[in-house]
Amino acid sequence: MTPNDLNWIARIGIAMASQVNPVTGGPAAPLKASALLDAYGPSLMPRKSLHQGLAGGLAILGAEILGRAVDAVVCRAAPERSPLSWRLGARAGLAALGA
């Protein structure tokens, strides 16, 4: 097996994981999981199940939009053909900026 074959297999596996579970697939998975758990935290007003579901869904959608925006900025700063160290540095710099 060549490294190109392994790269192809990894991409197929990641695509399948994203389709099966959209919360844990992708680079924004920790942010989405945290937002979902925070949506089920205590509230000042009691929520019915419909409102709780809407709050959880909106929290995941907001985290997904933020994750895609950050990924787009990183892909502009460090395209896929750039060296791995440059891509990791761009992600680390953006994470430090966000913190």
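Helices here are DSSP runs (H or I, at least four residues), numbered from the N terminus.

The model is predicted: local features need pLDDT of at least 70, side-chain atom pairs count only at pLDDT 80 or more, and totals for chains, interfaces and linings use all residues. Residues are numbered from 1 along each chain as its sequence is written, and side-chain values use heavy atoms, with hydrogens and water left out.

Helix α3 has buried residues at Gln52, Gly56, Ala59, Ile60, Ala63, Gly67 and Val74. Buried means under 20% relative accessible area, exposed means over 50%, and partly exposed lies in between (1.4 Å probe, protein chains only). The buried residues of α3 pack against α2 (29-39) and α4 (84-98). Gly56 belongs to α3 and counts as buried, at 4% relative accessibility. Leaving aside neighbours within four places in sequence, Gly56 is in contact (heavy atoms within 4.5 Å) with Leu36 and Ala39. Gly56 and Ala33 are 23 residues apart in sequence; C-alpha to C-alpha, they are 10 Å apart in space.

In α2, the buried residues are Ala29, Lys32, Ala35 and Ala39. Seen down the axis of α2, these residues fall within an arc of 130°, so they line one face of the helix. The arc is taken from the directions from the helix axis to the C-beta atoms. Cover for the buried residues of α2 includes α3. The face turned away from the buried side carries exposed Pro30, Leu37 and Asp38.

The structure holds four salt bridges. A salt bridge is a side-chain nitrogen of Lys or Arg within 4 Å of a carboxyl oxygen of Asp or Glu. Lys32 pairs with Glu64 in one of them, with the closest N and O atoms 2.7 Å apart. Lys32 lies in α2 and Glu64 in α3, so this pair ties together parts that are 32 residues apart in sequence. Lys32 is buried, at 2% relative accessible area. Glu64 is partly exposed, at 21%. Glu64 also forms a salt bridge with Arg68, where the closest N and O atoms are 2.6 Å apart. Arg68 and Glu64 are four residues apart in α3, so about one helical turn separates them. Arg68 is exposed, with a relative accessible area of 60%.

Another salt bridge joins Glu80 and Arg11, with the closest N and O atoms 2.8 Å apart. This pair links distant parts of the chain: Glu80 is in the loop between α3 and α4, Arg11 is in helix α1, and they are 69 residues apart. Glu80 is exposed, at 57% relative accessible area. Arg11 is partly exposed, at 47%.

Helix α1 (residues 3-20) also holds Trp8. Trp8 is exposed, with a relative accessible area of 57%. Together with Leu6, Ile9, Ile12 and Met16, Trp8 forms a nonpolar surface patch with about 530 Å² of accessible area. Patches are made of residues with over 30% relative accessible area and no salt bridge; like charges are joined within 9 Å, and nonpolar side chains (Val, Leu, Ile, Met, Phe, Trp, Tyr) within 5 Å. Accessible areas come from the Shrake-Rupley method with a 1.4 Å probe; for residues, only the protein chains shown count as cover.

Methods:
Helix = DSSP H or I, 4+ residues; strand = E, 2+ residues; numbered from the N terminus.
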